[in-house]
Amino acid sequence: MIELLEGRFFKTFIVVMEEQSFSRAADKLGYVQSTVTTHIQLLEQACGQKLFHRLSRGVKPTAAGEKLMKYAYQFIHLGTSIEEAMNEIEQAQGTVYLRMQESFFLTRFSSFMQPFMREFPKVKFRIESGFHQDILDQVLNHAIDFGIVPRDPQRNDILFYPLVEEKLIFVASGALALEVGREGLERLNQEVMISFGTDCLYHTQAGMALQEAGIDVKEAIELPSLEMIKQSVKCGNGFALVPEIAVQKELEDGQLKVLPISSANYSMHGLIVHKNRELSYPARLFQSELIKRSPLSNDESLTI
């Protein structure tokens, strides 16, 4: 089989998987659609398996296509690693692929990027947002170098490096907080929780804490960004569990208030990487610098 495989076939395969369409993949790659079709057909011949179901609108991977995806990412990663290894002698350059929660990027990671990119200007980042399970899945499939997750996955095939312990607090508008102060926590039985949705571990932690406090958790309003959650809470649409660092300014300005729900809510964010991932030089450099600058490193003055 190996004699029949080419890197461009795998690159085309990955883009078709991501776009779920031959025509969109062709546009993204700068090919005509017939070239994409030919690449997939040659890859199917090499594998001896059909890789996509052709639908009226787009395509859907077959079981063989789903299985091949992990190896396609590894194939492309190997090619990138070889190229970067040849450049390693002169200076660090290449791309680091990672995925994390949007709230972590906004509150923690962006402050790390600035000095790192200033020191290593030829190291680039491709960063995507996600939640715990899909971040873990991407690492397991070798689609990315690293993930940053709010909890140790506790898997033998995943390495977890603790970065920062995050305090989580329940917040509400000033008006709702006053009503809770007068009527007690039972007042929250009339409100809805606002969250990123059930895919987010904060949602799960909030539900457990509210049940322990005797609060009947209603269906949550699911919003895609931290800023939208904060704005919705400030407008009095409900209450939310968020990282304390994410709402410091709003608390200081009095736009949000902390709800008196017993808060033993902490989240240990950490860097995850597949145990068998062969990291490129810039990826290893990123890993070392991030861990060194973590508040949990020996130098407590460093932050991410």
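**Exercise 1.** Find the element that gives the most to the lining of the largest cavity.

*Solution.* Start with the ground rules: this is a predicted model, where local features need pLDDT of at least 70 and side-chain atom pairs count only at pLDDT 80 or more, while totals for chains, interfaces and linings use all residues. Residues are numbered from 1 along each chain as its sequence is written, and side-chain values use heavy atoms, with hydrogens and water left out.

Next, the terms. On a 1 Å grid over the protein atoms alone, a cavity is a set of points where a 1.4 Å probe fits but cannot get out, and lining residues have an atom within 4 Å of a point. Helices (H or I, at least four residues) and strands (E, at least two) are DSSP runs, numbered from the N terminus.

Now list the lining: Met193, Ile194, Ser195, Phe196, Cys200, Tyr202, His203, Ala206, Ile229, Ala240 and Leu241. At least two residues each come from β7 (194-195), α8 (201-212) and β9 (240-243).

**Exercise 2.** Work out which element gives the most to the lining of the largest pocket.

*Solution.* A pocket is an open set with protein on both sides within 12 Å along at least five of seven lines. α4 comes out on top here, with seven residues. By class, the pocket lining splits into nine nonpolar, eight polar and eight charged.

Technical notes: Nonpolar A, V, L, I, M, F, W, Y, C, P; charged D, E, K, R; others polar.
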